[in-house]
Amino acid sequence: GSHRPDPDLGGVRYPAVLKPASRRSSSGVRAVADSRQLLSCLDEYLPTETLLVEDYVTGQEFSVETLVQRGRVVFESLTQKRTNEGINQRFVELSHTVPAPGVPGEKALLAASRAILSQLNFEDGIAHTELRLTADNKVVLMEIAARTPGDGLLPLYHLSTGRPMEPDIIRITLGEAVDYPAPVRVSRQVYLETPP
């Protein structure tokens with residue numbers, strides 16, 4: 001939908017996404033339609049929690065898992081996600097597919113992830129980059145973290161490549177050569193839907 005500024009809360013555009021900064025697994029993340037709804041749901045959060053108000057971006061959600069050594073990408077792969085977005089106002093991931101087969105925007109998503117890592121001067125480690133691909137093929141960054149991916153993504157990469165990723169993450173930390181293999185099969189994790 002179209003975004004409109006809300007003068008009551010410093011130019012927040014609605015719809016928006018309210019997100020607690022310190023939680024995990026999409027806990028507490030919700031869409032809000034206007035300032036009234038945003039203010040009415042604040043009691044659901046602890047007074048000590050930092051809350052982010054972000055633009056609501058529609059489009060397919062993906063993540064890119066990247067191993068970087070001495071500033072060079074040694075492994076990258078696209079994960080396709082399915083969420084309960086559109087079913088309710090929450091954002092819970094319901095499935096992950098590794099690697100994401102035949103995604104029309106794959107090159108753009110991988111290029112965006114590489115560009116972000118380059119701008120951050122990311123030197124060594126694993127990066128988990130969450131992106132959205134809009135209907136007009138625009139790539140939008142949702143978040144990036146220097147950490148392993150959550151949920152069951154590491155076991156999915158083990159299943160897809162035939163080799164666990166954790167030893168290679170440790171090798172990067174130790175400065176040893178890394179040659180993590182490309183996926184040879186598709187693996188998918190599916191969560192059963194439950195009431196919020």
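In this predicted model, six strands form an open sheet in the order E10-E9-E6-E7-E8-E11, with antiparallel pairing (strands are DSSP runs of E, at least two residues, and helices runs of H or I, at least four, numbered from the N terminus; two strands pair if DSSP finds at least two bridges between them). The edges are strand E10 (139-145) and strand E11 (187-190), each of which pairs on one side only. From one strand to the next, the twist averages 25° (axes are lines fitted to C-alpha atoms, and angles run from 0 to 180 degrees between N-to-C directions). Residues are numbered from 1 along each chain as its sequence is written. Local features need pLDDT of at least 70 and side-chain atom pairs pLDDT 80 or more, while totals for chains, interfaces and linings use all residues; side-chain values use heavy atoms, without hydrogens and water.

E6 and E7 run antiparallel and are joined by eight bridges. Leu67 stands opposite Phe75 in E7. Glu61 lies in strand E6 (residues 60-69) and counts as buried because its relative accessibility is 6% (buried means under 20% relative accessible area, with a 1.4 Å probe and protein chains only).

The largest nonpolar core has 14 residues, of which Leu67, Phe75, Tyr157, Met165, Val178 and Tyr180 touch the most other members (such a core is a set of buried Ala, Val, Leu, Ile, Met, Phe, Trp, Tyr and Cys residues joined through side-chain atoms within 4.5 Å). Strand E7 (72-83), helix H3 (153-161) and helix H4 (166-174) each give two or more residues to this core. H3 supplies the largest share, four residues. A second, separate core of ten residues includes Phe62, Leu78, Leu109 and Leu133.

Methods: Buried means under 20% relative accessible area, exposed over 50%, partly exposed in between (1.4 Å probe, protein chains only).
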